[in-house]
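Trainee: I have a model open and would like to work through some of its details with you. Shall we take it one question at a time?

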Amino acid sequence: MGDMTSTAITPANVEAKNTAKRDALMDIEKHWQADWKENHLFEVDMPEEDDLTSEELLAKYPKWMGTFPYPYMNGSLHLGHGFSVSKIEFATGWERLKGKRALFPLGFHVTGMPIKASADKIAHELEMFGPNFELPKDNEGDSETLSEKVADMSVGATPKAGANFGSKKTKVAAKSGGAKYQFQIMQAQGIPNEEIAKFADTQYWLKYYPPIAMADLDSLGCKIDWRRAFLTTDHNPYYDSFARWQFQRLREMKKIEFGERYTVWSAKDAQPCMDHDRQSGEGVKPQEYTGIKLEVLQWSEQGSQIASAIPELVGKRVFLVAATLRPETMYGQTNCFVGTKLEYGFFLSDKADEVYVVSEGSARNMAFQKLSPENGKVVKLGTISGLAIVGSKVNAPLSEYKDGVYVLPMENVLATKGTGVVTSVPSDSPDDYAALRDLKKKPEYYNIDPKWVEAFNPIAVLSTEAYGEMSAPTLCDKLKINSQKDRVQLAEAKEAAYKEGFYNGTMSIGEFKGLPVQVAKQMVRAQLIDRGDAVRYAEPEGLVMSRSGDECVVALCDQWYINYGEEAWKALTKKCLAQLNTYSDDTRTQFEAKLDWLNEWACARSFGLGSKVPWDESLVIESLSDSTIYMSYYTISHLLHRSLDGSEIGPLGITVEDMDYFAWDYVLLGKDLPSGHSKTAELAELRRSYLYWYPVDIRSSAKDLVQNHLTFFMYIHTAMFPEREWPRGIRVNGHLLLNSEKMSKSTGNSLSLREACDRYGADATRLALAVAGDSMEDANFEEEIANTEILRLYKLKEWVTEALEALAVSEKLPSEETRVNSVALCPASAPFTTLDRVFDAKMDMYTLATGAAYEATMYRDAAKNGMYEFLNLRDWYREASAATGMHPTLLRKWISRQVIQLCPITPHWCEHVWRTLMGNTTSIVNARWPTDLPADVNHALIAAGDYMNKVARSVHDAEASLQKRSKKKGAKEALTGEFDPNGPKTLDIFVACEFPQWQEGVISVLKECFDAAAATFDDKAIQEALGQKGLLKNKKAMPFAQLTKKRVALLGPAAFDRALIFEEIDILNALLPYLTNNRGYSKVNIVDLGKSGELTGALATAAESAVPGEPSLLVAKAQ
């Protein structure tokens, strides 16, 4: 009898070459997709009962609305899109089963730079290579020499709808992965050259890819209401009006402000480069530093030679500029560091008589921060190596060393971090302390003059309770840091010193002495800047590349920005987060962290696709700023227009002109319409639809959008809408791996959504997506699993067909046994046996578990309980009831349950069984979750079933053990001949009515040492009590105690009560037909040890280990 506890979902014997089964399933899928479309099954409307209020309407007709971030239309959808979409798709199916009007709408995003940048590349490549895109002959195989002429910006090598090529690195995949030019990427998608040329026009992208995306999602069987679809930007004037209205209202509420702010900036595009404008570096923000100006008092000998050779330096003051995050510690400067292998430049500053020595990259940032003679222009006077600077003497502002400090060499100084110049405060920086200590110990090794370091010792700057006034030396001693090469320990020490200093530190020096560091930090910074001893400086936290192939900088510029992070607004958004369902603690934690540090966000740009900023039409709204509340637009879009671009007016006849700001205020905010406004009745219909569908019940997305879109989504909702209309749930998933590896076009390990559906069919793909993973950890789509699901679904379809045939015969002959091929049924009129009741209870258990998994959006568990375990249960019941046959009533129930449980995940297969095989006249997508479920599982019958399963396994194990022993030398004294499990054999089952006294003693001790309030055990007291009672002499006592403790931790104090909740003898009697017919025992004796009297010999020995719920066995050859 099979194990009912679990099932492996890894594939076994996969039939990869024979596609007949797959093709049969795909024919079924295409048939039902056409049927659903013809009958408009996924078009969901508000109920038409105008006499009911919105509240009454929702009470009578519950609704559910789930959304997924609209995909960007610069390529076809990949399987990662399909994975995120599946979370809402499965949820939609579940909510329909619950009887709700479940709405899954989807639009398409085209705002921003990606399409514009790609179109510009095609236009440029047409100029370079002509309409046939012919590379020069000497560059056909390797276009490296041209790569600098055209920036490398890819939009994703995904296939055109209907394309079907492998996920291994084929020629096409290799071409797309290594493509240098945009046209090559598009050629790899199967697009002909004459069509590629059309992509030089941005509008062509908007016409080409959305229909492909719709077809691909339809091929997956998604329950999307396409009437509500739209494109963003002014390409759709209705959505354009909506986006502009939203911005106008945010400005009026002072959520959008204008001012000088740092922002990540693309010099090539001459505008801010926000997350969705980036080729890489999404989530990277400006990092603001204090640039300490260290004026050169005396050059080193080599530095003097280099500086004197630059005539433009004559009459100029030269400063090394060091970027620091800790301006309050500048009192403790003992030196500054440079990288000896780095190259620095002399750059003109915004002051005519000042020159800055910094790295090239930092000079580029400074040029966009009003720190150069002309904004955006770097003026470089010459270069100097870090080695040449070493030994120079500089003035360190605020330092106690008033005569200056020396420039020293340091390992691991990066040109890409800060300015390449590092000011040194060894009292509070473990890195600085370790480096200075190394230099003092080995001046000759580092090729420095000892006098540059001898007289310079750490100065107490701040005091902390944990580390005193010398946190860096204290931590270096504590962590046994011996040199600046101990990078791991230094990183740990740095974190500890900086955290303790900032949160618990008090200034020990200077005019701010006695103030907390948190207060003094900004005061010291302001003082340094006001005196001209420092500048404000910022750079990206990491590398950011724009879609145009430009390495971005941080610019200080006047800009419109959304004032995220404003305290009152943040508090309101935190309230929203506290109320909504995040489906996991990890998701909530990430949102809480994001809300604590999110601040201003540039929300407008100079060019790219988008809606115009209402008050300045020279600007367009940024792509992450026009997509915060568009979910509300879904509630009415189908009534406004019936085409993606809004050219086909909707059923109410409302024009774009009708949808002025007053109309949007009324429809979405409930404000009064001005007297005489057009289409008041029609607008009232929009308002009614909005109130019915909103708010969003669940928003599902990949984890990368937590840091921007999903957080903005909460912020703007709390600003625009009343609390009743705030989002109710946000679900976040990880990214999708393919065959345990990251999807990548360059390696060929990629799979588009259409490819997956063409290769495996929709339902097998959906099943593989369901079991890929549900948490924020990256999930894994296994192609072998998808292949296995094809076989599983096909075989199950064939078996259900046989089972329904058998049920049809049984219905005609209810008092007779029935057999059709492998399906055997007992008479339909027969009463339920214990085995039947156990099977029924197990069905209920798995159905309840499946429903709970769907409700929690844990689709792997839904598939596990709703299909894999359910199939195992069928197999167990079929095997256990082989002698008598399955009960027709229960088999019919199993088939119905199986179809209902799988419906959200494999709707095509389920529709086929439901309508074609079972003969239902209405669609499975309109079916309802079983109403005959108990409130809870029948624990007694479940325990009985587990007991049956355990006994069956024990019998199997006993046979195997006996067979193994009978083959050993010397066994013939105990056994006559070798044991044959297929030969004549007998079985004695010994059933105990009470537990051994030593176990009762252990249980008694555990009860006495258990603290119910704290749910903990006193392990020391347990050890002493067991010893006092002499129970430790029994080697089984401690393992038994540990097992019992685990059970208590799992089940609570109820685990102390070990009384069985079923009659053991009755359950064994119910198992007898299985043991005799299936296991082949000629004789089975059930021995009740409470009534059997004294046993002798082998029987007595076998009976010794029996305890209630765990019978002992004696298997023997029949004599």
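Trainee: With which side chain does the side chain of D35 make a polar contact?
Mentor: Good place to begin, and keep in mind that this is a predicted model. D35 sits in helix 1, which spans residues 20-38. At 3.2 Å, its side chain makes a polar contact with the side chain of R915.

Trainee: Does D35 count as buried or exposed?
Mentor: The cut-off for buried is under 20% relative accessible area. The relative accessibility of D35 is 14%, so D35 counts as buried.

Trainee: What does the UniProt record place at residues 35-121 and 203-781?
Mentor: Over residues 35-121, the chain is 44% helix and 9% strand. The end C-alpha atoms of that stretch are 42 Å apart. The UniProt entry, which is unreviewed, gives residues 35-121 and 203-781 as the feature "domain: Aminoacyl-tRNA synthetase class Ia".

Trainee: Which residues of strand 8 point the other way from N335 and F337?
Mentor: In a regular strand, side chains alternate between the two faces of the sheet. Strand 8 covers residues 335-338, and its four residues named here are all buried: N335 and F337 point one way, and the other way point C336 and V338.

Trainee: Which residue in strand 14 is the bridge partner of F337?
Mentor: Let's look at both pairings of strand 8. With strand 13 (residues 405-409) it runs parallel, joined by four bridges, and there V338 has P409 as its bridge partner. With strand 14 (residues 421-424) strand 8 pairs in the antiparallel sense, also over four bridges. In that strand, the bridge partner of F337 is V422.

Trainee: How many residues of the lining of the largest cavity are charged?
Mentor: Two cavities of 30 Å³ or more are counted, and the largest has a volume of about 60 Å³. Its lining includes F347, Y356, M366 and K377, and strand 9 (343-348), strand 10 (354-358) and helix 11 (360-367) each supply at least two of the lining residues. By class, the lining divides into nine nonpolar, one polar and, for your question, charged: one.

Key. Residues are numbered from 1 along each chain as its sequence is written. This is a predicted model: local features need pLDDT of at least 70, side-chain atom pairs count only at pLDDT 80 or more; totals for chains, interfaces and linings use all residues. Side-chain values use heavy atoms; hydrogens and water are left out. Buried means under 20% relative accessible area, exposed over 50%, partly exposed in between (1.4 Å probe, protein chains only). A polar contact is a pair of N or O atoms within 3.5 Å; within protein, one must be able to donate a hydrogen and the other to accept it, and residues adjacent in sequence count only if both atoms are side-chain atoms. Two strands pair if DSSP finds at least two bridges between them. On a 1 Å grid over the protein atoms alone, a cavity is a set of points where a 1.4 Å probe fits but cannot get out, and a pocket is an open set with protein on both sides within 12 Å along at least five of seven lines; lining residues have an atom within 4 Å of a point. Grid points are joined across faces, edges and corners, and a volume is the space filled by probe spheres set on the points. Ala, Val, Leu, Ile, Met, Phe, Trp, Tyr, Cys and Pro count as nonpolar, Asp, Glu, Lys and Arg as charged, and the others, Gly among them, as polar. UniProt positions are given in the numbering used here, feature names are shortened, and annotations may be inferred rather than shown by experiment.
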